[in-house]
Structures are given as structure tokens and as C-alpha cells.
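The sequence and structure come next.

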Amino acid sequence: MGEPARLRRLTAEEYLREEATSPVKRELVEGVPYAMAGAGRAHNLIVSNLHYLLYPLARRKGCRLYVADMKLKVGEATFYYPDLMAVCAPPPKDPLYEEAPCLVVEVLSPATEGVDRREKLWRYLSLPSLEGYLLVSARERRVELYRKEGDILHQVAEEGEVPLPCLEGSLPVAEVYAGVELEGPEA
């Protein structure tokens, strides 16, 4: 049997320094780094469609729209890589992350759905700037929107359009899934 591995928590500064040269993309949760898995075809095509649909709305409002590689700081020692995020606030001084998105989007996969629905849901909704959190399924045609309007409102759409808080537009569900062969419920 080999030597036991020592786990230690990283500070935000250590994580950002290590992540800049890491060959593996990692999220940091309460100081503990977690490697991220790659995404499948449906996931990637949905993210591409979402970027195509959201970019004109973000640009019209003077917001920045990020896809997958920009970190989001949600706590002193917690950073995620959302699939997409729209930020309309001025950028923080550190160019390696954002911290005030108005909209965050995660495309669900079997490996990440539990974390996206539980841990990330509550961490994202705790951000004062956040107006909406979209969960988009890669297994079935389903878009869920969580909004903060006093209480947290949850809306599910399988067709039609989903209103987009902060970007002042809507998201046509059919266009989100255009050209995408869904992975199916057993995937």
C-alpha cells in the first residue's frame, strides 16, 4: 500500500496561483480543489447555442458574457466555473475571476446535476447581484429558472420562452436545443 495522501485546504490566493498553471481545471469548494470532468456533445452544443442567444442581449445592456473558463468567486475560498454567466457590474480588480453576475447558467450532466441543484443553487442565489439561475438539461428538453423576487421563484419550461432577468429578453427553448441530439434519461 502506498503512502497516504495529505489533504490541505488552499487559500484563495494559493488556488488562483496554482490554477493559472494547472493542466487540469479545478473548482475550489471551501478550500478544497476538485477536478472537473469533460463535457459531452449535447452539453457543448447547448452551451454554444446559449452563448449565441445570450450574447446580443448582454451586449445591448453593456454586460460581459463568459463561457466556461471564467471563475466565479462565491465565497472566501470557493470558486466555480459556471457554463455561462452574465455580469453587468464593474469588474473586480483581479482579472482571474468575477464576483457579481446577474445571471448564471449551468447545463446539467449526470455527473454534476446533484451539485448544480443543491450546492451551487444556494451559493449562487446567495450572491446579492444574482437575479437568475438557469439550469438547462442535456438529457431532455427542459429549462429551469430560479429567480430572487423576495422569495425564490422556480419556473420550468419545456417549450415557449423563458424570461431572462437582468438581460431584459427571453430565451426560446426550441433554439436552446437546435441541432442537439439529447443524451436521453438513461445517459
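## Basis and count

A disulfide is a pair of cysteine sulfur atoms within 2.5 Å. By this rule the count comes to 2 disulfides. Counting the bonded cysteines along the chain gives the pattern 1-2, 3-4.

This is a predicted model, in which local features need pLDDT of at least 70, side-chain atom pairs count only at pLDDT 80 or more, and totals for chains, interfaces and linings use all residues. Residues are numbered from 1 along each chain as its sequence is written, and side-chain values use heavy atoms, with hydrogens and water left out.

## Cysteine 63 and cysteine 88

Cysteine 63 is joined to cysteine 88, S to S 1.9 Å. The link of cysteine 63 and cysteine 88 is right-handed, with 95 degrees about the S-S bond. Cysteine 63 lies in the loop between helix 2 (41–61) and strand 3 (64–67), and cysteine 88 in the loop between strand 6 (84–87) and strand 7 (97–98), so the pair ties together parts 25 residues apart in sequence. Helices (H or I, at least four residues) and strands (E, at least two) are DSSP runs, numbered from the N terminus.

Cysteine 63 counts as buried, at 10% relative accessibility, whereas cysteine 88, at 35%, counts as partly exposed. Buried means under 20% relative accessible area, exposed over 50%, and partly exposed in between (1.4 Å probe, protein chains only).

## Cysteine 102 and cysteine 166

Cysteine 102 and cysteine 166 form a disulfide with S to S 2.1 Å. About the S-S bond their link has 50 degrees and is right-handed. Because cysteine 102 lies in the loop between strand 7 and strand 8 (103–108) and cysteine 166 in the loop between strand 12 (161–164) and strand 13 (169–172), the pair ties together parts that are 64 residues apart in sequence. Both cysteine 102 and cysteine 166 are buried.
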